[in-house]
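Reader: Got a model on my screen. Can you walk me through it? I'll ask as I go.
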Amino acid sequence: MMSSAAMTSNGHDHRHQYTTHDNSRGATGSSKPEHAAPPLSRYESQKRRDWNTFGQYLKNQRPHPVPLSHCSHTHVLDFMRYLDQFGKTKVHLAGCAFFGLPDPPAPCTCPLRQAWGSLDALVGRLRAAYEEHGGSQESNPFGNGAIRVYLREVRECQAKARGIPYKKKKRKTKAVAATAAGEGHGGSKPSLMLKEHHQIS
Ligand SMILES: [Zn+2]
């Protein structure tokens, strides 16, 4: 569990989620590998935090903690629903007067949820982390088809509730990785608030 820094530099480089993020930033601008342990990229540290959060979530399950080897896509789905309480995205209920309005004129009592883009990026990071921690690609619960279905439902539901038709936002991927590094949203909550737009296909 502790050795992910050492493991991330080998293998798995074919995975699309991080081909654009690795090695993109040097602390000093120098390309010389003089540090034995260079600081983690934002993506890598985010991934590590996500993994720890998920591990904690499994440990906290009642009546018994869930060992990683028993983790299925059902736990992943429950985890995503659990995270909604920390969300920052207003998703209007069907009965709300502002349902479908992209820019509501007043506050309402509809719940805040995790934005689809945040969940999508989260699943991508955890999917990678799972395999870096020894899980096999075949059994990877984050790669399960049920997760894709769930994410698609969330995307469509949020697009309707907010009146914003979903469009691919590929061009944002790079900018987010580069500019969001300095932003923090409080350390006590799961660090999932930043919007990212990685595509899982
Ligand atoms: Zn509302």
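Reader: How much of the chain is made up of buried residues?
Author: Of the 201 residues in the chain, 21% are buried. A residue is buried if 20 or more other C-beta atoms lie within 10 Å of its own, exposed if 12 or fewer, and partly exposed in between, with C-beta atoms placed from the backbone. This is a predicted model: local features need pLDDT of at least 70, side-chain atom pairs count only at pLDDT 80 or more, and totals for chains, interfaces and linings use all residues. Residues are numbered from 1 along each chain as its sequence is written.

Reader: How many helices and strands?
Author: The chain has 6 helices and 2 strands. Along the sequence the pattern is α-α-α-β-β-α-α-α. Helices (H or I, at least four residues) and strands (E, at least two) are DSSP runs, numbered from the N terminus.

Reader: Where's the largest nonpolar core, and which residues touch the most other members?
Author: That core has 18 residues, and Leu119, Val123, Leu126 and Phe142 touch the most other members. α3, α4 (116-132) and α5 each supply at least two of its residues. α4 gives the most, with 9 residues. A nonpolar core here is a set of buried Ala, Val, Leu, Ile, Met, Phe, Trp, Tyr and Cys residues joined through C-beta atoms within 7 Å.

Reader: OK, α4 and α5. At what angle do they pack?
Author: About 160°, with their axes 9 Å apart. Axes are lines fitted to C-alpha atoms, for helices over the stretch in contact, and angles run from 0 to 180 degrees between N-to-C directions. α4 and α5 are therefore roughly antiparallel. Angles under 35 degrees count as roughly parallel, over 145 as roughly antiparallel, 65 to 115 as roughly perpendicular and the rest as oblique.

Reader: Which residues make that contact?
Author: From α4, Trp116, Leu119, Asp120 and Val123; from α5, Ile147, Leu151, Val154, Arg155 and Gln158. They divide into 6 nonpolar, 1 polar and 2 charged. Ala, Val, Leu, Ile, Met, Phe, Trp, Tyr, Cys and Pro count as nonpolar, Asp, Glu, Lys and Arg as charged, and the others, Gly among them, as polar. Two residues are in contact if their C-beta atoms, placed from the backbone, lie within 7 Å.

Reader: And α3 with α5: what angle?
Author: Helix α3 (residues 73-83) and helix α5 (residues 145-162) pack at about 25°, axes 9 Å apart. So α3 and α5 are roughly parallel to each other. His73, Val76, Leu77 and Met80 in α3 meet Ala146, Ile147 and Tyr150 in α5. That contact has 6 nonpolar residues, 1 polar and no charged.

Reader: Stay on Tyr150. Why does it count as partly exposed?
Author: Because Tyr150 has 18 C-beta neighbours inside 10 Å. Leaving aside neighbours within four places in sequence, Tyr150 is in contact with Leu77 and Met80. Tyr150 and Leu77 are 73 residues apart in sequence, yet 7.7 Å apart in space, C-alpha to C-alpha.

Reader: Now Lys47. Buried or exposed?
Author: Lys47 counts as buried, because it has 26 C-beta neighbours inside 10 Å. Lys47 is in helix α2. Beyond its neighbours within four places in sequence, Lys47 is in contact with Arg125, Ala128 and Ala129.

Reader: Last one. Which peptide bond is cis?
Author: The one from Arg62 to Pro63, with omega near 0°. Most peptide bonds are trans. Pro63 is found in the loop between α2 (42-59) and α3.
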